[in-house]
Number of protein chains: 2
Amino acid sequence: MPPGFRGHGRHRRCQRGPMPQRIDGFIEPALLLLLRNDPTHGYGLMEGLQGLWLRDYPVDSSAVYRTLRGLEEMGMVSSTWDTDITSGPPRRMYRITPDGEEYLAHWADDLRATEEVLRAFLAAYDRRAAEAAGPP
Amino acid sequence: MPPGFRGHGRHRRCQRGPMPQRIDGFIEPALLLLLRNDPTHGYGLMEGLQGLWLRDYPVDSSAVYRTLRGLEEMGMVSSTWDTDITSGPPRRMYRITPDGEEYLAHWADDLRATEEVLRAFLAAYDRRAAEAAGPP
DNA sequence: TTATACTATGTGCAGGTTACACATAGATGC
DNA sequence: GCATCTATGTGTAACCTGCACATAGTATAA
């Protein structure tokens, strides 16, 4: 919030949250994209999200695990318990399925369309801002 | 969905909906931006949304009216019944307030950050897609 | 050996948003 | 009279998010 900004925060939708302004269900494609590189377990994916796109934004572990289970129900990923580890609690390793790759591709299409809407909005916003600042 | 794509649709988050992949609460800044041009009534704003950014995506009237009332509660817009019209049902005209302009600016900052996350995601997606297609 | 911290997976729940269906009503044209 | 367009709303089920909390294995240090 800019300093000096007052208002009824309880009603406000636009607040600094975990993600800038979150895209509905974004962690789903994010997890799938990470899994396309390598099979990984939930905790590792959490760290991957954090480091890759969501620097400075906390990632909720429950969302990660729930989303992974959801994706498995859908058949987009499959999981097995990792037996190779010698230290730490057991890990469930996830890998992407062919259906998951297709699903990810569909997500990418949709996100591209979303990005265009966003770009158009921001361009319109900046255009008006420039006019207000100094019309020729 | 690509043809031939099967799955448990009931669980699927990524489906063609009203907006490509919707940004949480996007109509709020969209309405404010439209109102920055001119005071308008709800129905006119609906048509504005439709024509401007959301071509081909239906706009839910209830979302528009509810959002407008929410913005008014927050003090971001103010409304008066339009007495100048001679035809049709009464119109409630909305105009943006100074608080609303500031709020819109904050939204724009957030949406810019969101757009960057999206761009990074799509770039990563395309990079992998290119490698899969034909590595040098 | 107790305590502490880190890794790792998970459940429960309140609060908020969305999409859909539905309600109401003035004006206009046939 | 009746349909249709304009215009403003309510009700609600389903869903997602963020937060708090539960559980447990391993390692390190006091």
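Good morning. Please keep in mind throughout that this is a predicted model.

I begin with the interface between the two protein chains. On the side of chain B, 57 residues are in contact with chain A, and 57 residues of chain A take part in return. Between them the chains bury about 5800 Å², and 62% of that area lies on carbon and sulfur atoms. Which three residues supply more of the area that chain B buries against chain A than any other three? They are R13(B), F121(B) and Y125(B), with 12% of that area.

Four salt bridges are found across the interface of chain B and chain A. One salt bridge joins the side chains of D126(B) and R112(A), with 3.0 Å from N to O. Counting residue pairs in polar contact between chain B and chain A, with both residues at pLDDT 80 or more, gives six.

In terms of secondary structure, three helices of chain B each supply at least two residues of the side that touches chain A: α1 (27–37), α3 (61–74) and α4 (98–133). The greatest contribution to that side of chain B comes from α4(B), with 26 residues. By class, the side of chain B that touches chain A holds 30 nonpolar residues, nine polar ones and 18 charged ones.

Where do the atoms of DNA strand C within 4 Å of the protein belong, to sugar or phosphate or to bases? Sugar or phosphate accounts for 61% of them, and bases for the rest.

R66(A) places a side-chain N or O atom 2.5 Å from a base oxygen of DNA strand C. For R92(A), a backbone N or O atom lies 2.8 Å from a phosphate oxygen of DNA strand C.

Two or more residues each are given to the surface near DNA strand C by α2 (42–52), α3 (61–74) and β3 (91–96) of chain A, and also by α3 of chain B. Among these elements, α3(A) gives the most, with five residues. As for residue classes, the surface near DNA strand C comprises six nonpolar, eight polar and eight charged residues.

Thank you; I welcome your comments.

Note on methods: Residues are numbered from 1 along each chain as its sequence is written. Chains are lettered from A and ligands numbered from 1 in the order in which they are written. This is a predicted model: local features need pLDDT of at least 70, side-chain atom pairs count only at pLDDT 80 or more; totals for chains, interfaces and linings use all residues. Side-chain values use heavy atoms; hydrogens and water are left out. Contact means heavy atoms within 4.5 Å. Buried area is the accessible area (1.4 Å probe) that two parts lose on being put together, summed over both. A polar contact is a pair of N or O atoms within 3.5 Å; within protein, one must be able to donate a hydrogen and the other to accept it, and residues adjacent in sequence count only if both atoms are side-chain atoms. Helices (H or I, at least four residues) and strands (E, at least two) are DSSP runs, numbered from the N terminus. Ala, Val, Leu, Ile, Met, Phe, Trp, Tyr, Cys and Pro count as nonpolar, Asp, Glu, Lys and Arg as charged, and the others, Gly among them, as polar. A residue is near a molecule or strand if one of its heavy atoms lies within 4 Å of it.
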